[in-house]
Amino acid sequence: MSDEGYPASNWEHDSDHPSSHHTYNSVPPYFSRDSLDVPGGSPLTSTKSNSNSPPRSSVESSTLQGDGRWRESVTQTAHSPSGLPPAEDGILDTSFDENVLRTLCNLDCGVPLLLDRIKQSMASCKEVAAFFKKRADMEEEYGRTLQKLARNTAETYAMHEGKAGTFVAAWKQTLQLHENVALSHLKLASSIKEQYQELQRVMEEAERGRKQTKDLATRYERALQDAESATEKSKTRVEVTAEELERVLIQKEGESLRDTGVQGRSPGGGKRAIGKAVAKGGLLLKGKNPGNIQRQEDDIRARMSVASDMYRKNMIDTQGIRQEYFNFQLPRILRALQQCLNDIDLGTQYHLIRYSFLYESAVLTDGTTLSPITEDAGLKAISESIDNRGDFKTFMQSYTIAHGGNNPRGPRREGPKDEGYLPPIAPIVHHAGSSPSTSHSQIQDKGRPTFGVDLAEQLVRDDAEVPPIMVKCCEAIEKYGLRAQGIYRVGGTITKVKELRERLDKDLDSVNLDASEYSSEISVVTSVFKQWLRELPDPLMTFQLHEEFLEAARTENDRLRHIRLHERVNELPDPNYAALKYFMGHLHRITECEAENAMTIQNLAIVFGPTLFMQAQPGVNGNMNGMADASLQNKAIETILEHYTDIFVDEGDEEQSAGR
């Protein structure tokens, strides 16, 4: 069947003949659901009607099919509450496809329309597959190159006289991170390559189905065209024979051929019709013997009867083929083409969605590898862990031991005074408090640790409503970092963070966070404060209420989620509730300056979601769902912070704040 469509002349007959008007044209194309279902994988087969059996009229067809199961389904649709046809599998509503199919059946260009659309979808799918292939090759090349670079660099460094100490450890960790990133990209390349292969299979199956259905439609159309051509030929034969009979009867009555208007009524021209009559054995122009005329009349009447029977038979067969094609075969062909179109469209969309998920996962994996949200060191932290002074001190000691006495040609340090040697210079003694470094080393441990101690135990021990370290750090952060861009997201220097943590753990009260070394780098204070939150034995939101908070965060409705999280907050123990209230107030004041510090509620929720909830306890099967729960943890903190005033601030507190 050509893609240009169906010629109108193939479906129309001469309007002068009464039998050319078929009842099918006046009957809408109703058909049953069973006649539309094409089993997947089974080829469409032609069901030729038996010429010996009486053909089924279009009225009977519409009665058996249209008024049968199809109209029953329409009745069920009308009585369904939603006004839509019930889905056969209870999941997918098929009303759209059925309505489209019925519309296509009423179009003369339904088949070429679907064929052209399938070609467009195939072209689009081919472009997506080509992109996937190039993308996979690019990721594979990048991953292998980065992996090779990391391994070769690690092997080469061992053969050169490079620095030792903390630099070697940091350099090895850096190369290992790059190798992990390379493995992530190789995995992404493998997944994208699988998608490319699957899209290739989808295109091959769609192309095979399109060709099979197109060939089947071409055979059905050709059979209908052949039947119509045979009907037209038999009709012409009947008309020519009727012309011969009319001429014989005129001659029999003694009328002149010239005086009649028969020639004008000949469909193929007068001379042509007479020539055909003579060629077929007629004796019209031979003698006017009455016996010959009678025999001629009998012969023509016999041929007229045969031609009429043949024309009637061909017309009935053509009508049956036409009804079978339009009522049964055409819907099956259209459904098969539509299914082919749906397969390739949905397959392409599915792989695009899957590609976006894989790409997002790869980017997130790279991000968490370079800057993990856990206690593991990221690339920046690894670089900051290099202690150049300590490495040099270690190298100096080792070098002195190895080469200190093996340089006799060097200048002498000591000698006789009369030869000009001066006495050695006395070492400089640093007094207490002369420098920050010496004062740090002389802090006494009072035995009141702050890190890793239960929250309730800290409050009872220090006789406080809010942990002193929380108050001390939050006040310093609000004083010096409220408008610092990226506050709580930017980490402090590793060595300074470690030093401040040790000082706060030994003697909290003696640490002055107003000192320039902390006020000028407030990120050190924020990093230490986050460490204190993470090292609580029981997190601020408690393990006991962990699942209840996540269940409340799953609520889609904003108002209902706010109410349920408010209830969970009220269930917290008193120490946790007091600390959370103080801390949320601190974060609320930070969000009020988000135009300057760029820390929105969402950003703060991402930072403190995992910190305040911590890793949940293992489930029934021993599985940890920390990564899966991260989005719910962030959503819970975000909702609580958005509704801070409704959850924590009483009317009396608001009046006091207004009075101030």
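Modeller: Helices here are DSSP runs (H or I, at least four residues; strands are E, at least two), numbered from the N terminus. This is a predicted model, where local features need pLDDT of at least 70 and side-chain atom pairs 80 or more, while totals for chains, interfaces and linings use all residues. Numbering starts from 1 along each chain as its sequence is written, and side-chain values use heavy atoms, without hydrogens or water.

Let's start with α17 (residues 546-553) and α18 (residues 558-570): their axes, lines fitted to C-alpha atoms over the stretch in contact, lie 8 Å apart at about 165 degrees, on a scale of 0 to 180 between N-to-C directions. That makes α17 roughly antiparallel to α18 (over 145 degrees).

Now find α4 (residues 110-159), whose axis comes within 10 Å of that of α8 and crosses it at roughly 20 degrees. The two are therefore roughly parallel (under 35 degrees). α4 also passes α8 in a left-handed crossing. Their contact has 19 nonpolar residues (Ala, Val, Leu, Ile, Met, Phe, Trp, Tyr, Cys, Pro), three charged (Asp, Glu, Lys, Arg) and five polar (the others, Gly among them).

α8 (290-370) also leads us to the largest pocket, giving seven residues, the largest share of its lining. The pocket holds about 1,500 Å³, the space filled by probe spheres set on grid points joined across faces, edges and corners. A pocket is an open set of points on a 1 Å grid where a 1.4 Å probe fits, with protein on both sides within 12 Å along at least five of seven lines; lining residues have an atom within 4 Å of a point. Of its 41 lining residues, those closest to the centre are Ser 371, Pro 372, Ile 373, Thr 374 and Lys 530. By class, the lining has 17 nonpolar, 14 polar and ten charged residues.

Definitions and conventions
Parallel < 35°, antiparallel > 145°, perpendicular 65-115°, else oblique. Left-handed = near helix turned anticlockwise from the far one by under 90°.
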